[in-house]
Amino acid sequence: MDKTELDEQNAATAHLLVFGGYLPFLVLTLFFLFPDIAPLTRSGSLIMLIGYGAVILSFLGGIRWGFATARNDQASARELLTSVVPSLIAWMCLTLPSAPALFLLAVTFVWHFFWDRRHAERHDLPAWFLPLRLRVTVAVAPTLLIAAIAVLL
């Protein structure tokens, strides 16, 4: 398999995984908005949505950790330190009331995309990475914001 075929295969796999990873955001938000279709209580849907958002946000910080570790240059120590910020924010979201937690998760997902975009050249990322990150951010953030607004209504 040549480099182009490998890149296409990796891109397809990443897209499939990211789409699958978005589904819990969508389904749990729908369960909260339409409790009659949900096998969970409204509060159960929120708890799971916030928890899942926190896990995925921590995962994004782990990606940043991996980039810094692989690069292993002078900027790596600073980037290792900042890579734990998403996990700390995610952990804090687990302690907040639902609406602020959902709002903070949404804002942090957007912030993390811009962080990835700012550092993309330094990491020599595949061409598909940033467009994929943008698409998933554009899907996840509004989903979380809709849930946050619905909590307040």
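**The whole chain**

This is a predicted model, in which local features need pLDDT of at least 70, side-chain atom pairs count only at pLDDT 80 or more, and totals for chains, interfaces and linings use all residues. Residues are numbered from 1 along each chain as its sequence is written, and side-chain values use heavy atoms, with hydrogens and water left out.

Begin with a cartoon of the chain, which holds 6 helices and 0 strands. Helices (H or I, at least four residues) and strands (E, at least two) are DSSP runs, numbered from the N terminus. The order of elements from the N terminus is α-α-α-α-α-α. Switch to the C-alpha trace: along its principal axes it spans about 50 × 35 × 20 Å.

Colour next by relative accessible area, where buried means under 20%, exposed over 50%, and partly exposed in between (1.4 Å probe, protein chains only). Of the 153 residues, 39% count as buried.

**The salt-bridge network**

Select R64, R71, D73, E79, D116 and R133, which a network of salt bridges links. A salt bridge here is a side-chain nitrogen of Lys or Arg within 4 Å of a carboxyl oxygen of Asp or Glu. By this rule the model has 5 salt bridges.

Centre the view on D116. Its side chain forms a salt bridge with that of R64, at 2.4 Å from N to O. This pair connects distant parts of the chain, with D116 in helix α5 (residues 98-123) and R64 in helix α2 (residues 42-71), 52 residues apart. Are these two side chains placed in buried or exposed positions? D116 counts as buried because its relative accessible area is 3%, and R64 counts as buried because its relative accessibility is 0%.

Move on to R71 and E79, whose side chains form a salt bridge at 3.1 Å, N to O. Both R71 and E79 are buried.

**The charged patch**

Show the surface and select D2, E5, D7 and E8, which gather in a patch of negative charge. Patches are made of residues with over 30% relative accessible area and no salt bridge; like charges are joined within 9 Å, and nonpolar side chains (Val, Leu, Ile, Met, Phe, Trp, Tyr) within 5 Å. Lys and Arg count as positive and Asp and Glu as negative, while His and the chain ends are not counted. The place of a charge is NZ of Lys, CZ of Arg, CG of Asp or CD of Glu. E5 is partly exposed, at a relative accessible area of 44%.

**The nonpolar patch**

Now select F19, L23, L26, V27, L30, L33, F34, I37 and I146, which make a nonpolar surface patch of about 760 Å². Accessible areas come from the Shrake-Rupley method with a 1.4 Å probe, and for residues only the protein chains shown count as cover. Which element gives the largest share of the nonpolar patch? That element is α1, with 6 residues. V27 lies in helix α1, and at 34% relative accessibility V27 is partly exposed.

A139 is in helix α6 and is partly exposed, with a relative accessible area of 23%.

**Two buried residues**

Select T29, also located in helix α1. T29 is buried, with a relative accessible area of 3%. Its side chain reaches the backbone oxygen of F25 at 2.8 Å.

Finish at S45, in helix α2. S45 is buried, at 0% relative accessibility. Draw a line from S45 to T108: the two are 63 residues apart in sequence and 21 Å apart in space, C-alpha to C-alpha.

Note on methods
A polar contact is a pair of N or O atoms within 3.5 Å; within protein, one must be able to donate a hydrogen and the other to accept it, and residues adjacent in sequence count only if both atoms are side-chain atoms.
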